[in-house]
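I set out to look up a few features of this structure and to note each as I went. The entries are kept in the order in which I made them.

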Amino acid sequence: MMKRLLHLSFAWLIATLFASASWAQTRTVSGRVTSSEDGSPLPGVTVQIKGTNTGTQTDADGKFSLSAPENGTLVFRFVGLKTQEIAIGGRSSIDVRMETDEKVLSEVVVTGYGALEKREITGSIASVKGDVIQNLPMQSFDRALQGRAAGVLVQAANGVPGGAVSVRIRGIGSITAGNEPLYIVDGVVMNNASTTAFASSNPLAFLNPNDIESIEVLKDAAAASVYGAQAGNGVVLVTTKKGRAGKTEFNLNYYYGSVEPIRYMNVLNSQQWIQVRTEALRNQNPALTEAQARSSALTGIRLPGNLTDEQIAALPTYDWQRAAYRQGMINNIELSARGGNDKTTFALSGSYNQQDANVIAVDFKRATGRMAIQHQVNNKLRFETSVNLSNIKQRGPFGSPAGGSFLGSPSFSSPLIIPTNPIYNEDGSYFGTPATGGLAGILNQNVIMNAEYNTILNITRQVVGNAKAVWNPFKEVTVSSFYGLDYREIKGEYYADPRTADGFGVRGRLTNESEYNATFTANPVVINFAKNIGADHKLNTTLATEYVQEVFEGINQQVTTFPTSQFRTANTGATPVSIGGFWTSYRRAGVAAIMQYGFKNRYFINSVLRRDGSSRFGRDNIFGTFGSVSAAWLITEEAFLKDKVSWIDEIKLRASYGSTGNSQIGNFDSRGLFGGGFNYGNDAGIAPTNLNNPSLRWERQINSEAGLDLAFFNRRITSTIGYFNKESRDLLLDQPVPWTSGYGSITNNVGRLYNRGIEFELNTVNVDTRGFKWTTSFNITKLENKVTRLADGDTVLPGNPSVRIGHPLGAIFTAEYAGVNPATGRPMWYDRNGNITYLPQNPADFRVLGAGLATLFGGFTNTLSYKGLELTIFFQYEYGRKAFNNQNSFLMENGGRLFNSLLDVFERRWTTPGQITDVPRPINGNAEVRGASHLSGSRTLEDASYIRLKQLTLAYNLPQNLTQKVKVNRARVYAQAINLLTWTKWTGYDPEFLNLGAGNNGVVPQARNYTFGVEIGF
């Protein structure tokens, strides 16, 4: 016994001596942890001695201190950053720069009512990070999405800064209802309704794109069905930047640049126009001598009919285009701050943005302010709130933001005005005022004067705010309550100066419009239960409630007869012309149940069930049920593949099926309505205006998808490929009713169409060595759209021949142009049998010659970086879209009327028998005897496909050893060009536009932008 005690005592003594020796070799190690991106301190980083539970965390300045063995190793960990292990090696001071772990960050994706690790996602979600669209000179984030997400087609309506944008997710799903996706910014449902007719405004322009953290696009039913009846066109979730614990970080960003037209139309000079007009008159009336025809051409534009050849040759040519299309300015400045502590974090930002259009008197000015605060009361309760304020002032294009052939519009008229018309008199005053009879020609208004004297203005004030409380009563349970508001006030003004044509006859005309839109969003109760059951099971369930109410109202007035042009307010007008107003509202409520289940980290099943009710629909169908089921198989987690093939990182197969709805119809379409304005004498009267339809219900989209997600070579190659089929059912169409009812038609759910296609994304790290990195991102979407059912067995939608069974929406139904008869110069077309005709009949000789929908679209990005220098090259493209070049149809008249014409058309015109050309001979009135107008049929139908060098950015991040000398954490200088080059067969100003009723007539085209900027963090 004694011997055993002696052995134990000896062992204890040896251990104590070794421990003492070890303790004697420890030392205090301190240091600072900073971000490799900007040098800012990183608070909350875990610093642990490897192989032990001993450790600490960095403070608000990123500093740490702990006792550790001299020969030990410190492990530095922080969510979203790469873990680092650093040997102490006898040092007392260790500073660490931590890098972003792109792999970790990309694994968390925002979804409806929560977030998921990317490996667990079973639906189709496209994610665009905020840094991808940072500092782009674009006023709304929807425009910045263009070409950056597969399946998402973004088209600008025009080139007006802050103007309307069309976003279509996986095609067009409705014929008569809305096709815009649902936008949700920080949980607040956005309303994009606007009827103000003066400027092309965009409700999403309230948000500075540089305040965005990420954008998620929910494309299929598995991802979007949590939003039920409002998700039929997809959902766009926008998350803005939040505060973070640590020392307050300030960021100052400024860029300045220029705007210029992408192209000008090459039109005739004065002598060429007189020549072609003379030919047109002689071709119409061969009995005229050349001298007689020329005299008629001259007197038609108010010139003496007896001008000699020398006098005609001496006539000046006035360039109206270059007076109307200009070089403008871009100016942007913003300041932001983010910081906080372990309890409260905040983010503040303010910005001012100014940008001119490439057409005179059209511009955009915006001031924004934003605040976001998060406060952790204790380990169970958290509050969050944010508010975005914006004030936008826009000067709009003459006539209509949708474009149009308005005589006084610079964008429409400037290339068409007869070139003999001066812009100014010799004394500098405007030529061709209404008081002096206007300009010569059909376009008789001085559009440069119109732009200066008239006022076309929109002012938008918008508040988007929210408040949220999150309670964690148990580890597995989270209860939240959310409330948000989108309030927008728009004031529009159009003042037609009495010195211009629109105001001359009434001594000035003023029209005012005011609109007020408020959308209230509430998720009163959202309950989430998440639990890992053993090592193999992961369950996440959510029950969410939602209530949305929108109120939209407006008033308008018009007054004429002003004392002088200096008086521009309604109280100074002597003649009230009209006053009007409107009010509309709707409510929607819903409840959604979401279940997400994972087994062994490789099998995932998600399901959604949602029940919605809306005041927009008939009393028999107020409520609708929507839902989805989806699954994914992470094949690389299977034993037969895991750790067996080192170069394969991920193979995930996924599939989904479900339904969503489209509620974008009028608020009272299902109601029997009476309307005012049916007055009898001086007594007010009303009359029925809308037929009651209690069975009206949601349009419904049935979505199915199969996809494959791939990653190889340590994720240096990642790819996604998917097939989708979106069938739209119960589409709302007008059906005829007996005239004895007092109505012509009633809207019913009778139509059907589908969108099918393939999406492909590829991201690669091509080179990453010795400080040089080259990455590529490519996406393409192949889309097929087809109408399959209309009302009452119709094959063509009555009154709209572009909607036809078996063809895409926007089908182009017209006669095919066959060129020019070489013997006579007459234009020809093909008839129904493929034979030549000079007078095609509608519809007998018409056929479908294309559609206005692109069948292929996408984007291609290359980024190259080397030691702080970075070059980004981004291409965006559309293919397969056709459109009528409406504006060029005027420019192709070639002397047929008093418009200027294109030089190319003039030079290729038929002049001699036997000549082979596609341009017919000029003729007054544009039509031969017993022939159709040479502008009819497909002659002006063009391929609107294009590929565009959308963005070229060169940036340099200054070395920190330089910036820190001036107390700056980071500094970046950059230069970029937007819309630098465009390859297209389109002969107009620009192939990117929306046909809002006037084609491309008068549409302000896209501009080329150059900007130079500096970004400083301190």
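**Entry 1. Basis.** I am working from a predicted model, in which local features need pLDDT of at least 70 and side-chain atom pairs count only at pLDDT 80 or more, while totals for chains, interfaces and linings use all residues. Residues are numbered from 1 along each chain as its sequence is written, and side-chain values use heavy atoms, with hydrogens and water left out.

**Entry 2. Cavities.** I took a cavity as a set of points, on a 1 Å grid over the protein atoms alone, where a 1.4 Å probe fits but cannot get out; lining residues have an atom within 4 Å of a point. Grid points are joined across faces, edges and corners, and the volume is the space filled by probe spheres set on the points. I found eight cavities of 30 Å³ or more.

The largest cavity has a volume of about 170 Å³. Its lining comprises 17 residues, of which P137, R143, Q355, Q1006 and N1009 are the closest to the centre. I noted that β19 (344–356), β48 (970–984) and β49 (1007–1017) are the elements giving two or more residues to this lining. Helices (H or I, at least four residues) and strands (E, at least two) are DSSP runs numbered from the N terminus. By class, the lining of the largest cavity holds seven nonpolar, seven polar and three charged residues. Here Ala, Val, Leu, Ile, Met, Phe, Trp, Tyr, Cys and Pro count as nonpolar, Asp, Glu, Lys and Arg as charged, and the others, Gly among them, as polar.

I listed its lining as Q887, Y989, D990, E992, F993, N1000, V1003, V1004 and P1005. Five of these residues are nonpolar, two polar and two charged.

**Entry 3. Helix α5.** I compared the length of α5 (residues 270–284) with expectation: at 1.5 Å a residue its 15 residues should span 21 Å, and the end C-alpha atoms are 21 Å apart, which agrees. The expected span is 1.5 Å times one less than the number of residues.

Which residues of α5 are buried? I recorded S270, Q272, W273, I274, V276, R277, T278, A280 and L281. Buried means under 20% relative accessible area, exposed over 50%, and partly exposed in between (1.4 Å probe, protein chains only). The buried residues of α5 pack against α6 (290–300), α7 (309–313) and α13 (903–907). At the N-terminal end, N269 caps α5, with a side-chain oxygen 3.2 Å from the backbone nitrogen of Q271.

**Entry 4. Strand β24.** I looked up two residues in this strand. T519 is in β24 (residues 509–533) and counts as buried at 2% relative accessibility. Its side chain makes a polar contact with the side chain of N517 at 3.4 Å. A polar contact is a pair of N or O atoms within 3.5 Å; within protein, one must be able to donate a hydrogen and the other to accept it, and residues adjacent in sequence count only if both atoms are side-chain atoms. Beyond four places in sequence, T519 touches V189, N191, G484, L485, D486, V548, Q549 and E550, where contact means heavy atoms within 4.5 Å.

Y516 also lies in β24, and at 28% relative accessibility Y516 counts as partly exposed. Leaving aside neighbours within four places, Y516 is in contact with Y487, R488, E489, V551, F552 and E553.

Entry 5. S889 sits in helix α12 (residues 886–891) and is buried at 16% relative accessibility. The side chain of S889 reaches the backbone oxygen of N886 at 2.4 Å. Outside four places in sequence, S889 is in contact with L935 and T940.

T872 belongs to strand β44 (residues 869–879) and is buried, with a relative accessible area of 13%.

**Entry 6. Backbone angles.** Most residues other than glycine have a negative phi, and most peptide bonds are trans. I noted that the peptide bond from N842 to P843 is cis, with omega near 5 degrees. P843 is in the loop between β41 (836–837) and β42 (847–851). D730, in strand β33 (residues 717–736), has a positive phi near 55 degrees. N979, in β48, has a positive phi of about 55 degrees although it is not a glycine, and N979 is buried at 4% relative accessibility.

Definitions and conventions. On a 1 Å grid over the protein atoms alone, a cavity is a set of points where a 1.4 Å probe fits but cannot get out, and a pocket is an open set with protein on both sides within 12 Å along at least five of seven lines; lining residues have an atom within 4 Å of a point.
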